[in-house]
Amino acid sequence: MEVVDTPTPDTGARLPWTCPHQPLCPPAEAADHDAASIRVIHPEQGWVLLCNGVIRFDDTGELLPDGRAIPPQRDGSRASA
Ligand SMILES: [Zn+2]
């Protein structure tokens with residue numbers, strides 16, 4: 001039997017969707033969470049919603065699904081969270 005829509009313990013319970021991508025997008029907790037696919041784009045408001053639930057703003061600041069905020073990285077490099 002093939003199970004195709006089982007949420008991962010990490011992210012599935014908190015998101016309104018299950019990541020449909022293969023390979024799965026990195027979870028919000030992962031260092032490379034920026035690599036997740038974009039699900040929703042609001043350019044007029046300056047933010048995008050990534051597949052893993054991370055909201056990324058135009059100034060590179062981020063808001064994680066658990067409520068943590070990551071400040072903008074002005075020099076273009078990101079500190080590891
Ligand atoms: Zn995904």
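Which residues are the protein donors of the zinc ion?

1. Zinc site. In this predicted model, the zinc ion is held by four named atoms: SG of Cys-19, ND1 of His-21, SG of Cys-25 and SG of Cys-51. Along the sequence, the donor residues follow the spacing C-x1-H-x3-C-x25-C.

2. Geometry. The arrangement around the zinc ion is tetrahedral because the 4 donor atoms subtend angles of 100 to 114°; four donors count as tetrahedral if all angles lie between 85 and 135 degrees.

3. Across the protein chain, 30% of the 81 residues count as buried.

4. Nonpolar core. The largest nonpolar core comprises 13 residues, and those with the most contacts inside it are Trp-17, Cys-25, Ala-36, Leu-50, Cys-51 and Val-54. Strand β2, residues 47-50, gives the most to this core, supplying 3 residues.

5. Surroundings of Val-54. Leaving aside residues up to four places away in sequence, Val-54 touches Ala-28, His-33, Val-48, Leu-49, Glu-62, Leu-63, Leu-64 and Pro-65.

6. Fold and surface. The protein chain contains 5 strands and 0 helices, giving the pattern β-β-β-β-β along the sequence. Among its contacts with a separation of 6 or more, 20% join residues 24 or more positions apart. The chain exposes about 5500 Å², of which carbon and sulfur atoms supply 56%.

Conventions. Residues numbered from 1 in each chain as written. Predicted model: local features only at pLDDT ≥ 70, side-chain atom pairs only at ≥ 80, totals over all residues. Heavy atoms only, no water. Core = buried A, V, L, I, M, F, W, Y, C linked by side-chain atoms within 4.5 Å. Buried < 20%, exposed > 50% of the residue type's maximum accessible area, 1.4 Å probe, protein only. Helix = DSSP H or I, 4+ residues; strand = E, 2+ residues; numbered from the N terminus. Contact = heavy atoms within 4.5 Å. Donors = N, O, S within 2.8 Å, 3.2 Å for Na, K, Ca; no water. Tetrahedral: all angles 85-135°; square planar, octahedral: opposite > 155°, others 65-115°. Areas by Shrake-Rupley, 256 points an atom, 1.4 Å probe, with all protein chains shown as cover.
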